[in-house]
Amino acid sequence: MSNRYAAAIEAEGLVRVFKKGPRAVDGIDLQVAPGEVYGFLGPNGAGKSTTVHMLTTLLPPTEGTARVAGFDIVHQGAEVRTAIGAALQEAALDPFLTGREHMRFQAALHGLPRGERRQRGDELLERLGLSDAADRKVGGYSGGMKRRLDLALALVHEPRILFLDEPTTGLDPQSRTALWEEVQRLVADRGVTVFLTTQYLEEADVLARRIGIIDNGQIVAEGTTYELKAQIGQPSVEAIPAEAEDLARLTAVLERFGEPVPGTPRGATVRLSGGEATLADVVRALDAEDLQVEHLQLHQPTLNDVFLAKTGRSLEGARQEEEQAREEPTERVAA
Amino acid sequence: MSVALTLQVGTVARRSILRTLRQPAMVVPALIFPMLLLAINSGGLDSATNLPGFPTDSYLTFALALTFLQGTMFAAMSAGTNVATDIETGFFNRLSLTPLRRVALLVGQLSGVIVLALLQATTFLVVGLSAGASLEAGPLGIPVIVALSLLTTLGFGSLGAFVALRTGSGETVQGLFPLMFAALFLSSMALPRNLIEIDWFRTVATWNPVSYMLEGIRSLLIDGWNGEALALGFLASGGLAVIALAAAASALKTRMVRA
Amino acid sequence: MSARGIRSVVLGVAWRNLHSFFSNPALFVPAMIFPLFFFTAFAGGLSRIENVPGFNFPPGYTAFEYAFVLLQASAFGGVFTGFAVARDFESGFARRMLMAAPSRRALIAGYALSGLVRALFTIGVVTTVAFLAGMKLHGDGLELVGLYTLALLVNFSAVLFGTGVAMRLRTFQAAPAMQVPVFLTLFLAPVYVPLGLLAGWVHAAAKLNPLTVVLEAERGFIAGDPAKAGLAFGLLAGIGALFILWALRSLRSAEQATV
């Protein structure tokens, strides 16, 4: 059976209906190119994990077709599983086995020769920073260590395609960054295709080249992060005058550069019709009017803005991230 | 690449054995509790040997068979709990994503409890015989007792695995305990069937396959080589093993719906 | 701290516990099933024991075993209340009660009250089944009052014991620490035959076991010949006082851990 394929993953009209339950996945079409990192972004209950379970052959679809590594997920399941690795939502480890025993176990199940099992296991443990803990029972590992071991297990048979289902949920920022770096290394060094599901905007932004936004079992938007944000429009600029009585004049100046949008009541916010490049013109115009500003900030559209525009709701992860961002604003420019 | 079945069975078995033996909370009660009951019951019911028609003058010998059955019931709980835990934690999905064949998964998973059963059988025989229980079948009876015990364990272990695979719930597996308790108590565990006075109780014990499992082992201890008792014992244990294994295999097929 | 305040804590804790018990089949069913089971298995399966030379209990074997099952249901009812306390600590609910209750000792009284009510219910069920099975009680009204008072005193002691263990360990992992001592104490008593018919070390252990006196007093009440009643009540009063102290000191240990 041929395994030459144009797309690493392709799905057409994928549907999954649970007994007496909802249509968890309601007609998914997607294509992921070899070596690409594809981000599947959506809130809890959107259908991300169900999609992953179907693509990894753990769950048969109710309707539709899909091919992974060129093999049909329904009729060529064994071939699919040989080509893929998966780190699913639960770390799924045995607390009574050590890290090293997990690696040997997984390697043996994949049929690696005995000598190669040890070598491969040790190499992956080293790469993921688990060598020191390798002979400790996994029950004593931290959350970050468990996730790294989970990733190592998914890689033991050198799969061409890697499925990561919310791989950093519950991890501290340091562990999360470490995992991202490993994924990026896999893609850069080995050309692994990665299908990543996440509810974190930053994760999708950092890792994925293309993103599919899923809600209620359907893809509501798809494209590169740049394309998706561009769909929403241009960035906005927000300014607060140093003197409150200058608000009207400041507003008039800003409105020369774009349409007003809702923002802070102490200042004015407009969407820049000329894009980011006109920010310098805004500053020059304010200066020409001798207007002192206390605060000037450029807001780029976020993926949450994309989700909000498509669904009328915010992503849950986005709310938390935005709250954090409000405490540490970026790109502040003081005129 | 096609992975040899034996390698798969061996790999899963190794893990199953390791995780069973690494849980003292599973191993110690499985060894200690039956022996404690043996000690208590052999002292508490020794006077029962004075009943006309009681087959031996040693209640210890009579009750020793029960320890093996109690051990197998621990095995059922252990096998079921381990499988349910794998399902609940997602480890089962991890196994499903490998080339692991279903038969290898089932046989491998049951290996842990079989090893525990071997440990139990050895311990119970050593302790029982040291305490003065007789073995009328002689040394050749030992492998037969062990074989019957392991076959019974396979049956009850498969039953536990079936419940776990069907429901995916450790709590439901725990619900097996009262049922097995009932099966054990409504048998010839305390008195021979012909000495059970209450008609309905005797009828239930006669229909209860656990009675024949007990009597098969007991016959080797008390009678020597009783073909009928042994045949019925192996038939009861073997029958349970076949039915429970088939049920577990079917439940595994549904649980592992992958292509 | 007013009497009304104390009463409201006691009744509140008791109500909550009883509500959990009666509305949760996972708690209610085993508490009912196991005593019935023991009764059926022992009284039904071992009834021939009354033909053992030296067995002399006029009301019959069913009543003989009823006395043990009554004791077992009362004791384990107390242990199950201890489980409830352990669960409360593990879930954090106990902390809520410790912070809110004007009298923390009243919490223990509340648990004890709920244990007593549960025991009464279980005793009622077991007694009904025993009568349906043809049990005959030879004791008069006063002797029957004595019988059930003994059972409730056993329950009271067991509740305090279990509560104390739960408050010290504050986790459901404490369950075996409650179950095993009670189980051993129960079964190292004349469960199946009178004390005089026990053999070996079990006889020696039973002679030293205070529950033997209680069990024999119960059987005396059933037979209308309460020979050891005074000693039994005296022992239970002493044991009860001891476990009151145990529970109170355990409460102090729990308070210090919660601060």
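**The helix pair in chain C**

Modeller: H6(C) passes H9(C) in a left-handed crossing, a term used when the near helix is turned anticlockwise from the far one by less than a right angle, with right-handed used if it is turned clockwise. This is a predicted model, in which local features need a pLDDT of at least 70 and side-chain atom pairs count only at pLDDT 80 or more, while totals for chains, interfaces and linings use all residues. Residues are numbered from 1 along each chain as its sequence is written, and chains are lettered from A and ligands numbered from 1 in the order in which they are written.

Helix H6 covers residues 141–169 of chain C and helix H9 covers residues 210–223 of chain C; helices (H or I, at least four residues) and strands (E, at least two) are DSSP runs, numbered from the N terminus. The axes of these two helices lie 8 Å apart, and the helices pack at an angle of about 155°, where axes are lines fitted to C-alpha atoms, for helices over the stretch in contact, and angles run from 0 to 180 degrees between N-to-C directions. H6(C) and H9(C) are therefore roughly antiparallel to each other, since angles under 35 degrees count as roughly parallel, over 145 as roughly antiparallel, 65 to 115 as roughly perpendicular and the rest as oblique. On the H6(C) side, the residues that meet H9(C) are C:Glu143, C:Leu144, C:Gly146, C:Leu147, C:Leu150 and C:Val154, and their partners in H9(C) are C:Val214, C:Ala217, C:Glu218, C:Phe221 and C:Ile222; contact here asks that two C-beta atoms, placed from the backbone, lie within 7 Å.

Along the principal axes, the C-alpha atoms of chain C fill a box of roughly 60 × 35 × 35 Å. Of the contacts in chain C with a separation of 6 or more, 80% are between residues 24 or more positions apart.

Of the 259 residues of chain C, 49% are buried, meaning that 20 or more other C-beta atoms lie within 10 Å of their own, while 12 or fewer makes a residue exposed and anything in between partly exposed, with C-beta atoms placed from the backbone. One residue of helix H10 (residues 229–258) of chain C is C:Glu255, and C:Glu255 is exposed because 12 other C-beta atoms lie within 10 Å. Apart from its neighbours within four places in sequence, C:Glu255 is in contact with C:Leu98 and C:Arg104, whereas the C-alpha atoms of C:Glu255 and C:Thr122, 133 residues apart along the chain, are separated by 32 Å.

Chain C touches chain B, with 26 residues of chain C in contact with 21 residues of chain B. On the chain B side, helix H2 (24–44) and helix H8 (176–185) each supply at least two residues, and H8(B) gives the most, with 4 residues. No contact joins chain A and chain C, and their closest C-alpha atoms lie 17 Å apart. Chain B also meets chain A, through 23 residues of chain B and 25 residues of chain A, and the largest share of that side of chain B, 6 residues, comes from H1(B).

Helix H3 (residues 59–89) and helix H10 (residues 209–222) of chain B have axes that come within 8 Å and cross at roughly 130°. H3(B) and H10(B) are therefore oblique to each other, and their crossing is right-handed. Among the residues that make this contact are B:Phe62 and B:Leu66 of H3(B) and B:Met213 and B:Ile217 of H10(B).
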